[in-house]
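Hi there,

Here is the structure I promised to pass on. Have a look at it first, and my notes follow below.

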Amino acid sequence: MPFIDIHTHKAPRSGILSIRNIRWGKKGHFEGLKAIQNDMIVDAISIGLHPWDAQWDQQAPNWHELATLLENENVYFLGETGLDYIKKENLSQQELAFHKQIELSQKIKKPILIHCVRALSEILSEKTSRKIEGPWVLHDFNGNSQEIQAAMKHGCYISLGKNMMRDNTKVVKALMAIKRDRLFFETDENDYSIEEVYQRYCELSGIGEKGLLELCEQVENNFKTLFALKSLPFY
Ligand SMILES: [Zn+2]
């Protein structure tokens, strides 16, 4: 029974199914990524233009290139994309990049991994107004129980990471509002292991160490449902 790390920037470890994120366009470079070519890819990938990287002067992102990269069978998600309202200086480009990537995901029919900072209602209303049925995964979620309800009502999955590892955050206080069939876990850029993230959930939720196996099983089922798979890849 594997641990699944739905969002990490690190190389895969054996025995863990992880989806490694590539920040397409980081530092303003929108050129092709050789690493994603079929013959070189060895793990599951998510790729997208992160809201922090949505800044360009003359050379706008080559969306056609991103579309091509997304078609690779080892790419599971488009993302991170979304909105970060703490970072206001590039907000119009963030919005443009988000909208463009929603359109791409519709065409390519892959789910989106969302980076959301203080922008939940804007992100959810984008999903509603475009009538998007497909699931989105909200990464490193931090919200109260109303926000959790709203996210689930809009068909989103909730991935728990850094904000659950900290004490007294909104999501720690409202943890029990998240339905187990909407749950994922992640390490992102942090130094703790994915096992520690699962264990933290076991402690906080009261299911304890003996609930771990069932939790792994649940997350595995969530993964299969999300990607319409019968068995797990790369494992
Ligand atoms: Zn990340």
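Buried residues make up 36% of the 235 residues in the chain, where buried means that 20 or more other C-beta atoms, placed from the backbone, lie within 10 Å of the residue's own. Please keep in mind that this is a predicted model: local features need pLDDT of at least 70, side-chain atom pairs count only at pLDDT 80 or more, and totals for chains, interfaces and linings use all residues. Residues are numbered from 1 along each chain as its sequence is written.

On the overall fold, you will find eight helices and eight strands (DSSP runs numbered from the N terminus: helices are H or I with at least four residues, strands are E with at least two). The C-alpha atoms fill a box of roughly 55 × 40 × 30 Å along the principal axes.

Next, the core. The largest nonpolar core has 51 residues; such a core is a set of buried Ala, Val, Leu, Ile, Met, Phe, Trp, Tyr and Cys residues joined through C-beta atoms within 7 Å. Ile114, Val137 and Phe184 are among the residues that touch the most other members. Strand 4 (residues 75–84) gives the most to this core, with five residues.

Setting aside neighbours within four places in sequence, isoleucine 123 is in contact with Gly82, Leu83, Ile114 and Cys116 (contact means C-beta atoms, placed from the backbone, within 7 Å).

Enjoy exploring!

Notes. Buried ≥ 20, exposed ≤ 12 C-beta atoms within 10 Å, placed from the backbone. Contact = placed C-beta atoms within 7 Å.
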